[in-house]
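Take a look at the structure below.

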Amino acid sequence: MAVRHAQVAVVGGGPVGLMLACEVALHDVPVVVLERLPEIEWRPKAEGITGRAVDIMDRRGLMLGVTETPTTPPTVEQQARVAAGERRPDSLLPKEFPGARHFASMFLLRPESPDLLVPQQLLEEDLARRATELGVEVRRGHTVTGFTQDDDGVRLEVDGPDGPYELAAEWLAGCDGGRSTIRKLSGIAFPGTDGVTTGYRAFADIDDPDFHLPGWFRKDRGLLVYEEGPPRFITLEFDGPPVNRDAPITLEEFQGSLRRISGTKVTVTEITKITRFTDNARQAATYRSGRVLLVGDAAHVHSHWSGPGLRLGLGDAVNVGWKLAAVARGWCDEDLLDTYTSERHPIGAQTLEIQRASIALMRPGPHVDALRRLLRELLLRDEANRQLTALVDDLHISYDMGDPAAASPLVGRYSPDLHLRGADGTVRVAELQRNGRALLLDLRSDQELRTLAEPWSDRVDVVTAECAEPPADALLIRPDGFVAWSTPADPATLPGALARWFGPPATAGRGGAPNP
């Protein structure tokens, strides 16, 4: 059997796998992506990018030109339509929160960041183009059937279009979804809770377009979403998980769900696209086992409301991508990869809790009605509104970066997207990190800081610029956008932070990065 070689093998060519491949390839590390499907799957999936994922795309220059659509509360007219249709205004789950921030939108929260309304498949196409530009080899129609690992690397067994072969890699990243073959073969435990719902997302034609008001509704038996032109539906029934999620979905099966939820005799005449789902919530016990990493849905599954899977998976990819590249390049020890689990596992666990709460609050019945009314009142307060919105959108995330006594409040938080003025004009921080490198911002023209950072100039860009309202005199920003060091810490502590995250200093630097 032929043996092929790769430095990093990514199994799974969806948006998370492709994002991870791009993150690693930005640092000139060869990457091969193995995807079992021969082409992009166009069944209904995520319909937008929300919260921190929007910032991630911006920081890498992806999905540029896609319309940013801030979500807004429902209008008086929309609420009146619901009231006129014998539905309580409280039951409205408005389209203006387009399936995103679902937990928050149920109470008419006022989100602080925009959505990118783009189907997941278009995101995959954009990421595939970027991966190709970066030299990533994407192999479609290649299925991993097994692997073994030792101290030197991983050996994968692959079924390709031209027959089976072996792929030898130094590192393996499983980005192959909730039923991950890589996770199962690695033996990593996947504890959690079983689903309590069966749901369908479908594009379908019906005999009576006026069978029900369009919108999002809590009904006596679950949840109904109906959008006109072309007709799109979501039904969610609290009758347990599907008996067989892999069974083909028949027209009669979906029609039965639609009739039960709506309380009508509507007839489905044709289904264009459909998918079946539930709300099981599980998380891998660890995200790393030796030379194997789990990223995205391979590491955690949960209900799809508010699109947390894509947002969470992209966050995983940008957190571990630069770390994996640093280890593969020999800049850092393998211990750096352990920070992937320590930083991202708590975020995944919190997301599972939010999704369980979201499902609980969609249950029909007077007890949940009472709870929703209580929470609705609480969330009319701006502070509570902002806190929950940040929690749902991953805007609250903070990582432990070291000694809190020496850290500023910025350390561990996502860096602000400052507008900087330099010799060549104005530039945003996000634009400076399109290359995936770490960034030391010198906002007070401090020669001492630049001298201290010089030995890491092959890994860290140093930019001196002015800022109208600088949050600090200097900030060290990791490639994933999180602040690793900042003044007022003693400048003498900067080399320690650089060494912790980017390895020992080089014997000779390549010179500081040009000013913006």
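Tyr 200, Phe 211, Tyr 226, Phe 233 and Phe 254 make up one aromatic cluster. Rings of Phe, Tyr and Trp (its six-membered ring) pair if their centres lie within 6.5 Å. This is a predicted model, where local features need pLDDT of at least 70, side-chain atom pairs count only at pLDDT 80 or more, and totals for chains, interfaces and linings use all residues. Residues are numbered from 1 along each chain as its sequence is written, and side-chain values use heavy atoms, with hydrogens and water left out.

A search of the whole structure finds 10 aromatic pairs. One of them joins Tyr 287 and Tyr 340. Their ring centres are 5.3 Å apart and their planes stand at 50 degrees, so the pair is tilted. Planes under 30 degrees apart count as stacked, over 60 as edge-to-face and the rest as tilted. Where do Tyr 287 and Tyr 340 lie? Tyr 287 is in the loop between β15 (281-283) and β16 (288-289), and Tyr 340 is in helix α9 (residues 335-362). The pair therefore ties together parts that are 53 residues apart in sequence. Helices (H or I, at least four residues) and strands (E, at least two) are DSSP runs, numbered from the N terminus. Both Tyr 287 and Tyr 340 are buried. Buried means under 20% relative accessible area, exposed over 50%, and partly exposed in between (1.4 Å probe, protein chains only).

Now take Trp 322 and Phe 502. The ring centres of Trp 322 and Phe 502 are 5.7 Å apart, with planes at 45 degrees, so this pair is tilted. Trp 322 sits in helix α8 (residues 308-328) and Phe 502 in helix α14 (residues 494-502), so the pair ties together parts 180 residues apart in sequence. Trp 322 is buried, at 3% relative accessibility. Phe 502 is buried too, with a relative accessible area of 5%.

Next, a loop. Ala 247 lies between β13 (232-237) and α7 (251-262). Is Ala 247 buried or partly exposed? Its relative accessible area is 25%, so Ala 247 is partly exposed. Ala 247 and Arg 276 are 29 residues apart in sequence and 9.6 Å apart in space, C-alpha to C-alpha.

Last, two helices. Helix α1 (residues 15-25) packs against helix α5 (residues 120-133) at about 25 degrees, with axes 9 Å apart. Axes are lines fitted to C-alpha atoms, for helices over the stretch in contact, and angles run from 0 to 180 degrees between N-to-C directions.
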